[in-house]
Amino acid sequence: MQFENNTITAISLLQRADGEMRNLSDSRLSDVRQALASDISMLQAVQQVDTVGIYARLNALNEQVTKLPLPAKPEINIAQQNKNNDALPWWKRGLQQTAASLQKIVVVRYNPNGALPLLTPEQQGFLYLNLQAVLEKSMWGLLHKQPDIYRSSLQQASDWTKKYFVQDSPITQAVINEIDSLQQVDVHPVIPKTLVSIAAFANYFNPAQPAKLAP
């Protein structure tokens, strides 16, 4: 319990100790067994973390994010645009050709309120990779019992999913809901570091010098 935060094994060992004393005819053990019962009850009340199950959910989420849909870029009808240009005076066609040349050098993006940002193919690839990276970071936080890293990584994944991907897509909503659900998990609940049964055992073997609670 103190070194591995494994309350399940600790409970099993305490129950085994109580079972060993059950058949002993020593009235002094009643205090020890009462202390054991108190410790077992206390540890059973501690929230159990299903590390394997949570890791499996994060791994499945990591595979699913590559299917998140990005907003489609507006299609340009080149043939219609050329036809319209042919009907323009020569000087207007020259201005449009100049503007088209400048667009190849300077890219200006304008996003109306509520519109999702449009990404280049290269940026799209980096977005998926970065999203998977933060989910892998949350896995690290889970395995190393670092709740701050676990939750902050999931929050980053949630923010990016809401910012860059199509929100009315069922896949997007499923990913957001799963991230929100995983954020509610406490990957490192508070576990007691002392047991009253340790002091009770010490008092049983040396009743003249009552022992203090183990650190």
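Apart from its neighbours within four places in sequence, Ser153 contacts Val134, Lys137 and Ser138, contact being defined as heavy atoms within 4.5 Å. The model is predicted, so local features need pLDDT of at least 70 and side-chain atom pairs count only at pLDDT 80 or more, while totals for chains, interfaces and linings use all residues. Residues are numbered from 1 along each chain as its sequence is written, and side-chain values use heavy atoms, with hydrogens and water left out.

Ser153 is found in helix H7, where helices are DSSP runs of H or I of at least four residues, numbered from the N terminus. Ser153 is buried, its relative accessible area being 4% (buried: under 20%, 1.4 Å probe, protein chains only). The C-alpha atoms of Ser153 and Leu135 are 6.4 Å apart, with a separation of 18 residues along the chain. A polar atom of the Ser153 side chain lies 2.8 Å from the backbone oxygen of Ile149.

Helix H7 (residues 147–164) and helix H8 (residues 170–183) have axes that come within 10 Å and cross at roughly 160°; axes are lines fitted to C-alpha atoms over the stretch in contact, with angles from 0 to 180 degrees between N-to-C directions. H7 and H8 are therefore roughly antiparallel to each other (angles over 145 degrees). On the H7 side, the contact is made by Tyr150, Arg151, Leu154, Gln155, Ala157, Ser158, Thr161 and Lys162; H8 contributes Thr172, Val175, Ile176, Ile179, Asp180, Leu182 and Gln183. By class, the contact of H7 with H8 has 7 nonpolar, 5 polar and 3 charged residues (nonpolar: Ala, Val, Leu, Ile, Met, Phe, Trp, Tyr, Cys and Pro; charged: Asp, Glu, Lys and Arg; polar: the others, Gly among them).

Definitions and conventions. Helices (H or I, at least four residues) and strands (E, at least two) are DSSP runs, numbered from the N terminus. Angles under 35 degrees count as roughly parallel, over 145 as roughly antiparallel, 65 to 115 as roughly perpendicular and the rest as oblique. Buried means under 20% relative accessible area, exposed over 50%, partly exposed in between (1.4 Å probe, protein chains only). A polar contact is a pair of N or O atoms within 3.5 Å; within protein, one must be able to donate a hydrogen and the other to accept it, and residues adjacent in sequence count only if both atoms are side-chain atoms.
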